[in-house]
Amino acid sequence: MTGWSRLRYLAWPCYLSGLLWFLRAEGLPSANDVLFLWLIGALLTAAVHSGHGPRGFLLVLRDWVPVMAVVWSYSLLRGYGAHTPWAPHWLPQLRFDEALGFGETWTVRLQHALYTPGSPHWYDYAAVGVYLSHFFVVFLLLAVLWRRAHHRFRQLLACYLTLTFAGFATYLLYPADPPWLVAQEGNLPHLSRVVWEVISVSGLPQADSLLENGSQFANDVAAMPSLHSAYPAMLLFFFWPTARPWLRAVLVAYPLAMTFTLVYGAEHFIVDVFVGWAYAAVVVFGLRWLHGRRTAPARGTADLAR
């Protein structure tokens, strides 16, 4: 067995050993830069294992390093976006949610009915898992598409980047308080940030490191639209046309589970979620329409040549 062959067979064991060590020492890698490093590492490992050699390395770096740079730049800009010269909005969102809740927001109703501070229930832990999936599900799907359907990778990446920066532009123009902050300011009854509290109570890595709070990436008034809800809706609209029935059930369940998590956990008003869904629909269907218009002339030319 040659040295290269031995390296191929050792690639995944070495990568997985390093990842397990990191998880035990640091917890889940939810910061974008750390997550991207591990994701790029997995793709490089796959290139080694498959025997693609240096060409495989170059393809990974060509497609993923620019993506990492763009997303990291967005994260930094998002933090700067917290310092707009105009005051954050909260009253329109509150009134909308009170109308949906017949005089009381569903966040208040759900927490009073379901949440026990200091004693998390099973659905509280499920909410933590759903909430944290925001930080890696899209990237994992992009990695799968990159390996199996590169044209679909480019399409999903275009949707993700467009949706992300559309959200950022809205944060600048319409800074908006989430329910927990509105409650802190005395305009709602006391609310708990369920995800943060459950993480702290459970002994998992501290919430401030997991969720980038207190760093240059934090923006407490980036609630409208909810990108936490927009990304699951984006996946629903993107994969629905070609998805099998069981996958369609998952695609529907994911946005609904995220919506419950965000509203119950006091992270977003319901209207923030609805606007996130609308942004996702406009981006996915808009880019699909543009792609169809761009490829239509090429198809027409090919038909004429037959």
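Predicted model: local features only at pLDDT ≥ 70, side-chain atom pairs only at ≥ 80, totals over all residues.

Author: Residues are numbered from 1 along each chain as its sequence is written, and side-chain values use heavy atoms, with hydrogens and water left out.

Reader: What makes Arg193 and Glu267 a salt bridge?

Author: A salt bridge needs a side-chain nitrogen of Lys or Arg within 4 Å of a carboxyl oxygen of Asp or Glu. The closest N and O atoms of Arg193 and Glu267 are 2.8 Å apart. The pair ties together parts that are 74 residues apart in sequence, because Arg193 lies in the loop between helix H9 (179-184) and helix H10 (194-202), and Glu267 in the loop between helix H13 (245-264) and helix H14 (270-305). Helices here are DSSP runs (H or I, at least four residues), numbered from the N terminus.

Reader: Why is Arg193 called buried?

Author: Buried means under 20% relative accessible area, exposed over 50%, and partly exposed in between (1.4 Å probe, protein chains only). Arg193 has 16%, so Arg193 is buried. Glu267, at 6%, counts as buried too.

Reader: Which other salt bridges are there?

Author: The structure holds four. Among them, Arg62 meets Asp63 at 2.9 Å, N to O. Asp63 is buried, at 12%. Glu104 meets Arg109 at 3.9 Å, N to O. Glu104 is at 30% relative accessibility, so it counts as partly exposed. Arg109 is at 30% as well and counts as partly exposed.

Reader: How do you know that Asp124 has no salt bridge?

Author: The nearest side chain of opposite charge, Arg193, is 14 Å away. Lys and Arg count as positive, Asp and Glu as negative; His and the chain ends are not counted. Asp124 is buried and sits in helix H6 (residues 122-133).

Reader: What does the side chain of Asp124 make a polar contact with?

Author: The side chain of Tyr264, at 2.5 Å. A polar contact is a pair of N or O atoms within 3.5 Å; within protein, one must be able to donate a hydrogen and the other to accept it, and residues adjacent in sequence count only if both atoms are side-chain atoms.

Reader: Why is H7 called roughly parallel to H12?

Author: The axes of helix H7 (residues 137-148) and helix H12 (residues 227-239) cross at roughly 30° and come within 10 Å. That angle makes H7 roughly parallel to H12. Angles under 35 degrees count as roughly parallel, over 145 as roughly antiparallel, 65 to 115 as roughly perpendicular and the rest as oblique. Axes are lines fitted to C-alpha atoms, for helices over the stretch in contact, and angles run from 0 to 180 degrees between N-to-C directions.

Definitions and conventions: Helix = DSSP H or I, 4+ residues; strand = E, 2+ residues; numbered from the N terminus.
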